[in-house]
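Take your time with each task, then compare your thinking with the worked solution.

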Amino acid sequence: MRGPVVVLGDTLLDRDVEGVVNRLCPDSPVPVLDETSAVDRPGGAGLAAVFAAAQGAEVVLVTALADDAGGARLSALLAAAGVQVYPLALPGATPEKIRLRARGRVLLRHDRGGASGEPGQPSDEVLRAIGSASAVLVSDYGRGVARQPALRDALAATRAPVVWDPHPRGPAAVPGVHLATPNESEVRELVPAVPGASRLATASRGAQGLRRRWRAGAVAVTLGGDGALLCHAGSTPLVVPTPGSAEGDTCGAGDRFAAAASLALAEGALVSEAVQAAVAEASRFVAGGGVAAALPADLAPARSAPARNAPRALPRGVAVSPAGDRVGVAAVATLLQEVRAAGGTVVATGGCFDLLHAGHVATLQAARQLGDCLIVCLNSDASVAGLKGPERPVMSEGDRSRVLSALSCVDAVLVFDEPTPDAALSWVRPDVWVKGGDYATGGGDDATTLPEAEVLRRWGGNTVVVPYLDGRSTTDMIVRTLAERTR
């Protein structure tokens, strides 16, 4: 591959709630589900990106994230899967799909998030990523990302093979895509079927109609457990059967098919070869247990049921704070919405802030002067221990976040578990990221050397360094304190 595989489209937060049913509700003849576990995962374009990354590809996801708990959770999940998120702003709420399940069967699906908002403008970095891709997968879930004009222009201009996984509520594919991958029901909605026609005739007629309408190179109609039907320039379609039995949970099979086809095209395969590889991969996916078995372990942890009224969909490591506090994802989300609605500048900084000292305060005060709010991304206790060793931190994340939030120059604090703040930054999308001047010593004073600079460029943010007070170091303070104790 000469460049990353770019997945572009709408990402949802999927949640599977498992439980047992032993009784009916007394006031209505419906089953009562006693929850035993719940698992969050990226859905839509996010799931397709996770599948591609799990195959070892470098994956860039261009998607819209909202300033809410769901958006924060998605950022953490995608980062854990090795997906590079290039976020667009998303007004409103993160779309969520919640499946209530018992004994492997879905009892009810609960959707929330409301109508989709118009995604924000892509940065120059997003457009460059599309232009340099080895393949592009458009995973359209009908919520607006695939309709964004600047993105469509970039898709039309790229030389990479483009796979378009359409949605009936979404826009037409960009003219000239290499392969479109609708399923049977989507084809019937997009191209009216002839009454009495056979299944294969309906799929073939619909595929040829879409190919001409969209000026696509080829259209592959997925047929569930029966494989796929591929229509290209010739008059005779190619039917690709499944290599064996493919019974099981089909949730996510279409995303797996589209991701596999995109990876094959990125490696130089013919369209017919890519479809055959995709059918085989989707069949293995379903037969192997579906999403629950296919996702990386970090994305599918077994979790006990949350306590009644517990906060939902929070990122791992985000502190749960009393109402009115300035710590946690809810506080940060409210702040982001207020500042952005007023057209303000969001500034963020990060670190361990273990034993807060004058050097920290100077950095925070200088950072706050660069915009209209300051958000501190704080390493959790587990993150600090991983970076500094088992003896650290000296102060717990609860105490550190309370001390920081009490400073007048700090507007909100977000705790994160990962070694780097990349996932938190992809959600917050600060206009400016600030670090103390000690990060520039030894390597010049160029702020682009900051490790977060590449992440900030994804949405057009900037990184800066502010002066740092010499002689202030948490590690030195601890060493001196221990030395005094041993005298």
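Keep in mind as you work that this is a predicted model.

**Exercise 1. Describe the surroundings of the Phe51 ring, starting with the residue that lies over its face.**

Solution. 
- Step 1: Look over the face of the Phe51 ring, where you will find Arg256 at 4.8 Å from the ring centre.
- Step 2: Search the whole structure for aromatic pairs; there is one. Its partners are Phe51 and Phe285, with 5.3 Å from centre to centre and 70° between the planes. Planes over 60 degrees apart count as edge-to-face, and that is the class of this pair.
- Step 3: Phe51 belongs to helix α1 (residues 45-54) and Phe285 to helix α8 (residues 271-287), so the pair links parts of the chain 234 residues apart.

**Exercise 2. Work out what lines the largest pocket, whose volume is about 980 Å³.**

Solution. 
- Step 1: The lining has 43 residues, and the closest to the pocket centre are Tyr141, Asn183, Gly252, Gly254 and Asp255.
- Step 2: Turn to the elements. Those giving two or more residues include β2 (11-24), β3 (31-44) and α8. The largest share, five residues, comes from α7.
- Step 3: Sort the lining by class: 14 residues are nonpolar, 16 polar and 13 charged.

Key: Residues numbered from 1 in each chain as written. Predicted model: local features only at pLDDT ≥ 70, side-chain atom pairs only at ≥ 80, totals over all residues. Heavy atoms only, no water. Phe/Tyr/Trp six-rings, centres within 6.5 Å; stacked < 30°, edge-to-face > 60°. Helix = DSSP H or I, 4+ residues; strand = E, 2+ residues; numbered from the N terminus. Lys NZ or Arg CZ within 6 Å of the ring centre and 35° of its normal. 1 Å grid on protein atoms, 1.4 Å probe; cavity = no way out; pocket = protein on both sides within 12 Å on 5 of 7 lines; lining within 4 Å. Nonpolar A, V, L, I, M, F, W, Y, C, P; charged D, E, K, R; others polar.
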